[in-house]
Amino acid sequence: MVYIADFESFIQEAEDLYRASPLDTRYSIKYRHCDGKLVLKVTDDRRCIQFRTDQQQDLKRMERITSMFFALFATGELPEGGEGDAMAVDTAAKASAVTAAAGATKGKKPRRKG
C-alpha cells in the first residue's frame with residue numbers, strides 16, 4: 001500500500017487506476033475519530049493507493065473525488081468539463097432534491113371543532 005502525499009497526484013493516480021481496470025476498482029473512505037484521520041483508498045486488488053490527512057480543509061477535496069468516482073462508476077466517464085463539473089452536477093442535484101422535498105411536505109390538518 002502506497003500513501004501519496006499530494007492530493008492532486010492521488011486523484012490522477014486513482015483515475016488512472018480506475019481507467020485501467022474499471023470492473024475491479026474499489027474506492028473506500030475510512031475516518032478514525034480517535035485519531036482525527038481520514039484515509040481514502042483506491043484499489044484493484046493488484047495495486048493499492050491511499051491518501052491520509054488530518055486537515056479539516058481536505059474534506060472539500062474528499063467530496064470532489066467522491067463525486068468524480070460516482071460519475072465514473074455510474075456512467076464510465078466524467079461529465080463534460082471534468083472534475084469541476086462533476087461536483088457542480090452533484091451540488092445541483094442536492095439542491096433540486098431539497099427543493100422537491102420542501103414542496104412535497106403538507107401542512108397540518110385543520111382542527112375539528114365540536
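Helices and strands are DSSP runs, numbered from the N terminus, and two strands pair if DSSP finds at least two bridges between them. The views below show a predicted model.

**View 1. The β3–β4 hairpin of the predicted model.** Strands β3 and β4 form a hairpin, with 4 residues between them. Within the turn, D45 has a positive phi of about 70 degrees. The two strands pair in the antiparallel sense over 6 bridges. In this pairing, V42 stands opposite I49 of β4.

**View 2. The pairing of β1 with β4.** Strand β1, residues 2-3, pairs with β4 in the parallel sense over 2 bridges. Here V2 stands opposite I49, the residue that V42 also faces. Strand β4 is mostly covered, with 5 of its 6 residues buried.

View 3. I49 counts as buried because its relative accessibility is 2%, and buried means under 20%. When residues up to four places away in sequence are not counted, I49 touches V2, I4, F10, E13, A14, L17, L40, K41 and V42. Among these contacts are V2 and V42, the residues that stand opposite I49 in the pairings of β4. A14 is another contact of I49; the C-alpha atoms of these two residues are separated by 7.4 Å, although they lie 35 residues apart along the chain.

**View 4. The largest pocket and its lining.** About 150 Å³ of space lies in the largest pocket. The pocket is lined by Y3, S28, I29, K30, R32, D35, K37, V39, L40, K41, Q50 and R52. Strands β2 (26-32), β3 (37-43) and β4 (48-53) each supply at least two residues of this lining. By class, the lining residues divide into 4 nonpolar, 2 polar and 6 charged. L40 and K41, both part of the lining, also touch I49.

**View 5. The cysteines C34 and C48.** C34 counts as exposed because its relative accessibility is 64%, and exposed means over 50%. C48, by contrast, has a relative accessibility of 14% and therefore counts as buried. A search of the whole structure finds 0 disulfides.

How values were computed:
Residues are numbered from 1 along each chain as its sequence is written. This is a predicted model: local features need pLDDT of at least 70, side-chain atom pairs count only at pLDDT 80 or more; totals for chains, interfaces and linings use all residues. Side-chain values use heavy atoms; hydrogens and water are left out. A disulfide is a pair of cysteine sulfur atoms within 2.5 Å. Buried means under 20% relative accessible area, exposed over 50%, partly exposed in between (1.4 Å probe, protein chains only). On a 1 Å grid over the protein atoms alone, a cavity is a set of points where a 1.4 Å probe fits but cannot get out, and a pocket is an open set with protein on both sides within 12 Å along at least five of seven lines; lining residues have an atom within 4 Å of a point. Grid points are joined across faces, edges and corners, and a volume is the space filled by probe spheres set on the points. Ala, Val, Leu, Ile, Met, Phe, Trp, Tyr, Cys and Pro count as nonpolar, Asp, Glu, Lys and Arg as charged, and the others, Gly among them, as polar. Contact means heavy atoms within 4.5 Å.
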